[in-house]
Structures are given as structure tokens and as C-alpha cells.
Amino acid sequence: MNNSYKHFVSVILIVILCILGFGSKGRDKTDKEVAFITCKKYVREELKLPDSAIFPNYEDVEVTDSKSNIYEIVSYVQALNYYNEKISLEYKCSVKKIDKKKWILINLNFY
Amino acid sequence: MNMKAEILVYSNKTRKVLKIFWGLTNLIIGGLIYIIWRKDTLLMFSWFNKIGISSEINMIRNEYKDFYFFIPKWVIMSLPNALWFNCGLLFLSIIWQNNDEEKIIWFVILFIIALGIEIGQLFHIISGVYDKNDMFLILGVMLFTIIFELLRKVNEDKL
């Protein structure tokens with residue numbers, strides 16, 4: 001392998017590594033994703049052991065948007081109770097987007 | 001070919017195979033950490049969605065997500081970056097196996113890119129969160145590679 005070919009392979013290697021590195025960066029979240037993240041925050045606040053909370057992935061959650069920037073999420077959370085038992089709680093959460101950074105809780109009910 | 005030269009050629013071949021194996025292992029481990037335990041808002045997940053493997057990825061994530069609580073946070077947040085960097089150094093050292101000067105130049109280029117990404121994140125030029133553990137691990141990997149390469153050079157000179 002001559003040097004110019006080695007240089008070419010080295011450049012390709014670094015480009016591939018940069019693409020892989022770029023893929024590990026975040027992207028801008030959609031309003032529905034932010035609504036889900038906001039609801040997760042409020043759900044955690046209601047749990048006895050918030051750090052134990054495990055939520056489903058965003059792709060598995062149905063987020064419905066209505067008029068006036070209100071988003072409704074029906075989903076579940078798995079968490080530990082005081083007895084260290086794993087429990088699953090279903091919830092319905094509504095949040096409203098006020099502006100890009102401000103969201104407020106409208107309603108949160110557990111079933 | 002005398003015996004010393006034969007030993008050198010044999011050890012070079014073995015080393016090359018080991019480096020390829022270890023480089024790929026680094027990449028696979030780092031990739032799996034990202035796929036299983038990192039947030040699904042990362043760009044790579046929209047790529048998975050585009051190529052139609054989202055459901056398989058989610059299945060793997062759901063299967064192993066409980067381990068998240070038992071793994072140190074630096075392993076999930078910083079180790080993949082160091083593995084990515086180490087993989088790059090290993091492959092560059094294979095490409096420039098017999099040319100130490102060029103090898104050092106390419107090591108420095110990759111080192112500058114890896115550190116540049118972190119510094120870019122610190123000053124919000126590049127998206128992502130700056131983490132000092134990332135910097136320490138990159139420096140650690142670079143230091144380890146320099147020591148490894150120096151030892152190799154000393155051993156080769158002895159032969």
C-alpha cells in the first residue's frame with residue numbers, strides 16, 4: 001500500500017468515525033417529544049421513589065395534540081414502591097406549551 | 001529471512017489481527033451502550049427509523065433497560081466516546097504500521113478532532129453536552145496509546 005493510498009484510507013476512516021460521532025449527538029426535539037418529557041417530569045414528582053421510574057420509549061407512547069397547544073399522553077410508568085416492589089402505574093397527562101421553553105401541567109391522573 | 005526478522009513479521013501480523021479485533025470490539029461495545037441506554041432523541045435513532053429497524057432497536061432497549069440503574073453513569077455517558085477514539089487510533093496504527101512519523105501525525109489529527117468536539121460542546125458550538133469525564137478518558141486513551149507505541153518501538157529496536 002503506497003502512502004497516498006494510506007492517506008486516502010486514513011481520511012475515509014476519520015470521516016466514518018465523525019459520522020458515527022455525529023450520530024451520537026442530539027437533535028431538536030419535536031413538541032410532542034417535549035410534551036412527553038414534561039409529563040415524565042410531573043409523573044416522577046408523584047412517585048414515592050422517583051429515581052426508580054422507568055418509562056417506555058417515546059416511539060411506544062401515543063401523544064395527541066389538540067387546539068391551543070395542549071398535548072395529551074396516556075401511558076404508564078414502572079417504579080419501585082416503599083417495599084421495593086416493582087409496580088406499574090397507568091397515567092393520563094395533559095400539558096400546555098406556553099412558549100418554546102415554558103410548559104405547564106394541565107392535568108395528571110393515575111389509574 | 002533470519003530468525004529475528006521472522007519473529008518481527010510474525011508479531012506484526014498477530015498484532016494487526018489483534019488490533020482489528022480489539023478496534024471492532026471497541027466500536028461494537030460503544031455502539032451497544034448508545035443503542036441500549038442512551039436517550040432515544042439522539043440523531044442515530046432517527047437514522048434507525050429511516051432504515052426501518054426502530055422496532056428491533058426498541059425491543060433490545062426494553063430488554064436491557066433495567067441494567068441502566070446498575071451501571072456507573074460514566075460508563076454510559078463517557079466510555080463510548082473513549083472507545084470510539086481508541087478504535088480510530090487502533091485502525092490508524094494498522095494503516096501506518098511501518099511509518100511512525102505519519103502515524104503520529106494522524107494520531108494528532110484524530111486527537112485534535114476528539115478534543116475539538118468536546119471543546120465545541122463546552123462553548124455550545126457543537127450540539128451535545130460537555131462532560132469533563134469525556135476529556136479525561138480521551139486523554140487517558142491517548143496516554144495509553146503513546147506508552148504502548150513507545151514500548152513497541154523499544155521492543156522492535158531490541159530485535
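In this predicted model, the largest nonpolar core has 23 residues, and those with the most contacts inside it are Phe85(B), Leu89(B) and Leu110(B). The elements that give two or more residues to this core are α1 (3-23) of chain A together with α5, α6 and α7 (132-158) of chain B. Of these contributions, the largest share, nine residues, comes from α5(B).

**Around the core**

- Leaving aside its neighbours within four places in sequence, Phe85(B) is in contact with Leu110(B), Phe111(B) and Ala114(B), and also with Ile138(B), Val141(B) and Met142(B).
- A second, separate core of 20 residues includes Ala79(A), Cys93(A), Val95(A) and Trp103(A).

**How α5(B) and α6(B) are arranged**

- The axes of helix α5 (residues 79-95) of chain B and helix α6 (residues 100-122) of chain B come within 9 Å and cross at roughly 165 degrees.
- Because angles over 145 degrees count as roughly antiparallel, α5(B) and α6(B) are described as roughly antiparallel to each other.
- In passing α6(B), α5(B) makes a right-handed crossing.

**Residues where α5(B) and α6(B) meet**

- From α5(B), the residues that meet α6(B) are Asn81(B), Trp84(B), Phe85(B), Gly88(B), Leu89(B), Leu92(B) and Ser93(B).
- On the α6(B) side, their counterparts are Lys103(B), Trp106(B), Phe107(B), Leu110(B), Phe111(B), Ala114(B), Ile117(B) and Glu118(B).
- Sorted by class, this contact of α5(B) with α6(B) has ten nonpolar, three polar and two charged residues.

Technical notes:
Residues are numbered from 1 along each chain as its sequence is written. Chains are lettered from A and ligands numbered from 1 in the order in which they are written. This is a predicted model: local features need pLDDT of at least 70, side-chain atom pairs count only at pLDDT 80 or more; totals for chains, interfaces and linings use all residues. Side-chain values use heavy atoms; hydrogens and water are left out. Axes are lines fitted to C-alpha atoms, for helices over the stretch in contact, and angles run from 0 to 180 degrees between N-to-C directions. Helices (H or I, at least four residues) and strands (E, at least two) are DSSP runs, numbered from the N terminus. Angles under 35 degrees count as roughly parallel, over 145 as roughly antiparallel, 65 to 115 as roughly perpendicular and the rest as oblique. A crossing is left-handed if the near helix is turned anticlockwise from the far one by less than a right angle, and right-handed if clockwise. Contact means heavy atoms within 4.5 Å. Ala, Val, Leu, Ile, Met, Phe, Trp, Tyr, Cys and Pro count as nonpolar, Asp, Glu, Lys and Arg as charged, and the others, Gly among them, as polar. A nonpolar core is a set of buried Ala, Val, Leu, Ile, Met, Phe, Trp, Tyr and Cys residues joined through side-chain atoms within 4.5 Å. Buried means under 20% relative accessible area, exposed over 50%, partly exposed in between (1.4 Å probe, protein chains only).
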